[in-house]
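Hi,

Here is the structure I said I would pass on.

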Amino acid sequence: KAREQVEALYQQGKEAEAAAAAAAAAGDAALADGQGPDDAKIADDEDAAFGEVKKRVRTTAGGSTGSVRNLRIREDTAKYLLNLDTASAHYDPKSRSMREDPNPNRPANEKTFFGDNFVRNSGDFQTWQALNLHSSQAFEKGSQVHVQALPSLAEVMYQQYKSKKETMTSQSKEEVLAKYGNTAQQAPDESLLLGQTEAYVEYDRTGRVIKGQEVKKRSRYEEDVLINNHTAVWGSWWSDGAWGFACCRSCVKNSYCTGKAGEKALAESAGQMVKNLEAKAARAAAEAEARANSTLNNKHLEKGDGVWGDSAPADDEELDPAKVKAALQKLEQQQREAEAAGGDERKRKFNRVADDEGGVSAEEMEAFRLMKRRAEDPAAAFTGTDGYDML
């Protein structure tokens, strides 16, 4: 059986050699007839040069030639005819280019030309622009990289940046999903969540645990976390609208546990604060009483003190008519002297009331009020007339 396999392999090798020899003979015959593989290449080159338009450049007998680009098919509408508004996109006749969109407000399905910049921004332009932006930002932050001077280094650094960014993004996403869950996923079956467990617990008729330990369902937030040597969690104690630790009665979350000593100090400080408030209230009451008992500060508040003001005399105050009349005559005399001096206040005599005279009396103040002219009096303007001006 092994001999037959060896003979079959030998026969296959002979057939392969014969096929190769036949192919070589057919190729030689084609070359002799002038139909080689180079003829097809020449035909392709001629076809590629068919669209090239050559022109003479400043020579009399020919010279160098150049190709005209941006040619259009004659059946296509010219770019400058797409929008005849003079305020539309600019058309450059020399380069035959219109970079902006001539009809930006027209729907996309009704347009055949979106501007030359639309083609320039397609392909790998976005990647190239992102590479240039990353290189410039990296150079500003101190990295010795330049996209024109070191293009390979810039490309490697950009690829490393993208890989690190993707890794950090995926890790952040996984941490958020692990902490808060994913609402887009289908909620698990509650029957499976409340299914069997290996923990053995016995209950009585009222639902209290007799044997074992009841497993409570935990939330997505951290629970039973003890910080700063505390033996109770934050929020285990509440007093006067403030949460705190039950172990030391502290209402500062980042404070260290002081135990019973801290609880005692807190109670003492609260008692001392109450005492200070009571002492402050007592001092304020004493000061108010002292001010109320002071005749010096309350003299101007006595009823009927209308001597120095415009108020009427008190009910129990009696005025001497003779003294009032004498005071009126004195004021009239002073007024006549002032009028004789021409109304010049500088020539008016200085009136001084000596302290031994007792100051201004109530009768003199009453005379002053009677002689005083009031702006609200309607008959004040007719003083000194016979009364016919009022008719």
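Helices here are DSSP runs of H or I with at least four residues, strands are runs of E with at least two, and both are numbered from the N terminus.

Before you go further, some housekeeping. This is a predicted model, in which local features need pLDDT of at least 70 and side-chain atom pairs count only at pLDDT 80 or more, while totals for chains, interfaces and linings use all residues. Residues are numbered from 1 along each chain as its sequence is written, and side-chain values use heavy atoms, with hydrogens and water left out.

Now the overall picture. The protein has 10 helices and four strands, and along the sequence they run α-α-α-α-α-α-β-β-β-β-α-α-α-α. Of its 391 residues, 11% are buried (buried is under 20% relative accessible area, exposed is over 50%, and partly exposed is in between, with a 1.4 Å probe and protein chains only). Taking contacts (heavy atoms within 4.5 Å) between residues at least 6 apart in sequence, 28% join residues at least 24 apart.

Arg96 is not a glycine, yet it has a positive phi of about 55°. Arg96 is partly exposed, at 36% relative accessible area. Ser97 is in the loop between α2 (38-48) and α3 (116-120) as well, but Ser97 is buried, with a relative accessible area of 7%. Leaving aside residues up to four places away in sequence, Ser97 touches Lys79, His90, Tyr91, Asp92 and Asp116. The side chains of Ser97 and Ser95 are joined by a polar contact of 2.7 Å. A polar contact is a pair of N or O atoms within 3.5 Å; within protein, one must be able to donate a hydrogen and the other to accept it, and residues adjacent in sequence count only if both atoms are side-chain atoms.

Positive phi turns up at Asn228 too, near 55° and again in a residue other than glycine. You'll find Asn228 in the loop between β2 (209-211) and β3 (237-239), partly exposed at 23% relative accessibility.

Next, the core. Which residues make up the largest nonpolar core? They are Leu131, Ala138, Val145, Val147, Ala154 and Tyr158, six residues in all. (A nonpolar core is a set of buried Ala, Val, Leu, Ile, Met, Phe, Trp, Tyr and Cys residues joined through side-chain atoms within 4.5 Å.) The elements giving two or more residues to this core are α4 (125-140) and α5 (151-180). Val147 touches Leu131, Asn132, Ser135 and Ala154, not counting residues up to four places away in sequence.

α4 and α5 pack at about 95°, with their axes 10 Å apart (axes are lines fitted to C-alpha atoms, for helices over the stretch in contact, and angles run from 0 to 180 degrees between N-to-C directions). So α4 is roughly perpendicular to α5, the word used for angles of 65 to 115 degrees. The contact is made by Ala130, Leu131, His134 and Ser135 of α4 and by Ala154, Glu155, Met157, Tyr158 and Tyr161 of α5.

Finally, α10 (residues 362-371): Ala362, Glu363, Met365, Glu366, Ala367 and Arg369 are buried there, and the buried residues of α10 pack against α9 (321-340).

Cheers

Key:
Angles under 35 degrees count as roughly parallel, over 145 as roughly antiparallel, 65 to 115 as roughly perpendicular and the rest as oblique.
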